Amino acid sequence: MIKLARQNEMFLHAAIQKELLFGKMPEELLGYHIRSYTAASQIVDGDFYTLTQLGDNVFEILSGDVMGKGMTAALVGAGVKNAYREAIADLLIRGVAGVLPQPDEIINEVSVRVADKLIELGVFVTLTLVRFDQVSKQMTWVNAGHTPTLLVHKDSGVCEELLGDNLPLGVIEDEVYRQYQTPLAPQDVVCIYSDGLTEAENTAQQQFGSDRVHALLTKLSIAPQASLDGVLEGIKGELETFVDGASMKDDTTVILVQTASC
């Protein structure tokens with residue numbers, strides 16, 4: 001009976017993560033290649049993400065991580081995703097017709113909706129929102145205490161770390177979130193990931209680490225005939241080899257976006 005109850009619990013956890021926290025990413029959208037990967041830990045964690053198409057030439061990816069684990073973290077993550085969708089809808093209604101709200105407007109609106117509630121609960125949420133614009137050929141991003149977004153420039157082979165200095169949602173009520181813009185060139189690779197990747201441990205309790213992620217992502221992205229599938233499989237393979245059977249203590253999320261070759 002105990003074994004069956006445990007199996008049912010794990011099934012419920014997987015269903016919650018799939019339906020409430022993640023969802024299915026398209027693999028091709030508006031001239032971009034997109035791949036995603038999530039490795040679940042033994043319990044429900046607070047990783048979540050969603051992709052939203054905002055027009056014929058614009059889409060954005062929201063990714064976040066709730067402090068803590070268990071059903072509470074999962075429900076908070078689902079609530080923040082819902083607040084994000086409501087914020088976009090309300091800003092579109094209140095704004096000028098045909099003009100999209102900016103990423104910083106969206107995250108500040110989300111903060112207005114949830115920051116006081118998160119403070120009452122004693123939890124905080126790290127977020128990153130990255131918008132891709134096919135016309136301007138640039139990405140606009142807001143980072144709220146989340147792991148840095150990585151950008152590998154295909155032409156130079158440089159891995160750029162996009163971080164910002166904002167606090168997570170739910171730390172203080174009056175935090176003002178700022179956005180930044182970065183140009184994108186053909187075949188550049190953008191990597192959005194959770195700290196489950198860098199903090200994954202092997203049997204010797206050594207962490208995978210950010211330096212390893214940077215070096216691996218760069219090597220795979222600039223390799224001759226590199227493909228986004230190859231980059232993702234390379235990261236997964238290196239991570240599995242490193243942990244060498246050790247149990248994962250946190251969800252690991254990796255989202256890759258690559259600009260088209262021309």
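Select N202 to begin: at 11% relative accessibility this residue counts as buried. The model is a predicted one. N202 sits in the loop that runs between α4 (195-198) and α5 (210-222).

Now show the side chain of N202 and look for backbone nitrogens around it. One of its polar atoms lies 3.0 Å from the backbone nitrogen of A204. The side chain also reaches the backbone nitrogen of Q206, at 2.9 Å. Next, display F242, V243 and A246, which N202 contacts once its neighbours within four places in sequence are left aside.

**Along α5**

From the loop, move on to α5 and select residues 210-222. The helix has 13 residues and reaches 18 Å from its first C-alpha to its last, close to the 18 Å expected at 1.5 Å a residue.

Colour the buried residues of α5, which are V213, H214, L216, L217, T218, L220 and S221. In an α-helix there are 3.6 residues a turn, so residues three or four places apart point the same way. What do the buried residues of α5 pack against? Show the strands β7 (149-152), β8 (159-162), β10 (189-193) and β11 (252-259), then the helices α4 and α6 (228-243); these are the elements that the buried residues of α5 pack against.

**The cavity**

To find it, select the lining residues: C191, L197, F208, V213, L216, L217, I235 and V254. Which element gives the most to this lining? The answer is α5, with three residues. V213, L216 and L217 belong both to the lining of the largest cavity and to the buried residues of α5.

**V142 in β6**

For the last stop, select V142, found in strand β6 (residues 138-144). Is V142 buried or exposed? V142 is buried, with a relative accessible area of 1%.

Show what surrounds V142. Not counting residues up to four places away in sequence, V142 touches P103, D104 and I107, then L127, T128 and L129, and finally Y177, R178 and Q179. Pick R178 from that set and draw a distance from its C-alpha to that of V142: the two are 6.1 Å apart in space, and 36 residues apart in sequence.

Technical notes:
Residues are numbered from 1 along each chain as its sequence is written. This is a predicted model: local features need pLDDT of at least 70, side-chain atom pairs count only at pLDDT 80 or more; totals for chains, interfaces and linings use all residues. Side-chain values use heavy atoms; hydrogens and water are left out. Helices (H or I, at least four residues) and strands (E, at least two) are DSSP runs, numbered from the N terminus. Buried means under 20% relative accessible area, exposed over 50%, partly exposed in between (1.4 Å probe, protein chains only). Contact means heavy atoms within 4.5 Å. A polar contact is a pair of N or O atoms within 3.5 Å; within protein, one must be able to donate a hydrogen and the other to accept it, and residues adjacent in sequence count only if both atoms are side-chain atoms. On a 1 Å grid over the protein atoms alone, a cavity is a set of points where a 1.4 Å probe fits but cannot get out, and a pocket is an open set with protein on both sides within 12 Å along at least five of seven lines; lining residues have an atom within 4 Å of a point. The expected span of a helix is 1.5 Å times one less than its number of residues.
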